[in-house]
Amino acid sequence: MKKLLYAIAISATIFTGCSDDEEEVPVKTPVQGEITGDITTNRTLAFGNYTLKGLVKVQPGVTLTIEAGSTFTADQADGEDGLVILNGGKLIANGTANEPIVFTAKTKIGGQWAGIIMYGDAPIVNSATAPTPQTALSEDGQSITYGGSNATHNGGSLKYVRVEYAGLVFNNNTREHNGFSFYSVGSGTVLENLVAYKGNDDGFEFYGGTVSAKNLISYGNADDSFDWQDGWRGQENTNWFAYQTGIANYGMEIEAKGVNNTFFPKITNITLKRAANTATESQNEKQFDAIQFKSQGNGDFSNIFIDGYASVEAGFGSAIQVRDLATYNNQVVGGKIKLLNVRLANTPVTFLSQNSGGNFTVNAASFGTNFTTSTTATGASLIAGIWANVDGVNLLANL
């Protein structure tokens, strides 16, 4: 039988001096432990350093609580590691700016483990003809059904959580992982101050659902910094920062499985930056753009700063790419994509048309009043702290 191993917190006392009136200062000593297997009863993991072994699954009706400052380390040598919250389960992982909860890997190279995966039963839309509520099977190799009609699904609370070196990929689109994967997660879930650092796939991916996320950092991930599909419709998203370096694809990849939805997500305060000489992941599909819209992807975006998306190769690289004619007609011309108060730096090409499915030319006039520029757009605003530092690297230095 699979089991969960956990330890008990240990406290120590230190003295700050020899004076009779000197106060004793309690200092928490981190416990050492391992978590593995299914979590079938409510558990609280005390502040400590844990080994994450295997796909640890929080079962429906169960809450896993993690104390601030805890660290979890995966080791690819023992197989596929990850933390999975099944629909009906909850993860309460509330760190602080200076005591974040960190999930990392023994080997500091992207693709070492599966990251954090959460399932819910909030609405998704991946077919224009299927009845509602719609469902789908996850692309993480577990083939878990996600989707439903519970818009307020609550998967818990994640605050000041950092995921490092995740993005384990076995087969593209059939068994792949991101830093954070949110499958039909609902609006009752709290996602704030999260970091996806140097993963081998997307930093954050939303598979439908209604959840919103605030204060996100996607740093050095090898695929897209932010990605969504299945009709994701979160409305209260703000302060998203992507810094792409080394190898990376799109800053934001936006699609809706070809469904011309009447709704769209809303995000304010976005900064997308690409370091000089950052290569695309594959030469088969050259992805150098800050924002790509395809397959009826849409959204309402405002206060956007885009920096460094130059044409690395002739004909590639722009601030905004529209890939196919249907997306151009229904989302751009149809007024379902709004890009307001946009400021560009080191990005000479604003619009790029891929002309899939027909010839079209996207430009500012295509958007009408739904595209505006601003010389004072600030983009994301994030607070400093240990949560945004990895191995001596201040992730906000480029913000």
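Two residues are in contact when they have heavy atoms within 4.5 Å of each other. In this predicted model, among contacts between residues at least 6 apart in sequence, 72% join residues at least 24 apart. The protein has 2 helices and 32 strands. Its radius of gyration is 22 Å, close to the 21 Å that the globule rule gives for 399 residues, so the protein is as compact as a globular protein of that length.

**Confidence**
- Mean pLDDT is 92. A value of 70 or more is reached by 92% of the residues.
- Residues 1-20 stay under 50 in pLDDT. For this stretch the model has 39 contacts beyond four places in sequence.

**Dimensions and surface**
- Along the principal axes, the C-alpha atoms fill a box of roughly 75 × 50 × 35 Å.
- Of the 399 residues, 55% count as buried.
- The accessible surface comes to about 15600 Å². Carbon and sulfur atoms account for 48% of that surface.

**Charge**
- The protein carries 25 positive and 37 negative charges.

**A residue to look at: G48**
- G48 belongs to strand β5, which covers residues 48-58.
- Buried means under 20% relative accessible area. G48 has 0% relative accessibility, so it counts as buried.
- Leaving aside residues up to four places away in sequence, G48 touches P30, V31, S70 and T71.
- S70 lies 22 residues from G48 along the chain, yet their C-alpha atoms are separated by 4.8 Å.

Methods. Residues are numbered from 1 along each chain as its sequence is written. This is a predicted model: local features need pLDDT of at least 70, side-chain atom pairs count only at pLDDT 80 or more; totals for chains, interfaces and linings use all residues. Side-chain values use heavy atoms; hydrogens and water are left out. Helices (H or I, at least four residues) and strands (E, at least two) are DSSP runs, numbered from the N terminus. The radius of gyration is taken over C-alpha atoms; the globule rule is 2.2 Å times the number of residues to the power 0.38. Buried means under 20% relative accessible area, exposed over 50%, partly exposed in between (1.4 Å probe, protein chains only). Accessible areas come from the Shrake-Rupley method with a 1.4 Å probe; for residues, only the protein chains shown count as cover. Lys and Arg count as positive and Asp and Glu as negative; His and the chain ends are not counted. The place of a charge is taken as NZ of Lys, CZ of Arg, CG of Asp or CD of Glu. pLDDT is the predictor's confidence in each residue, from 0 to 100.
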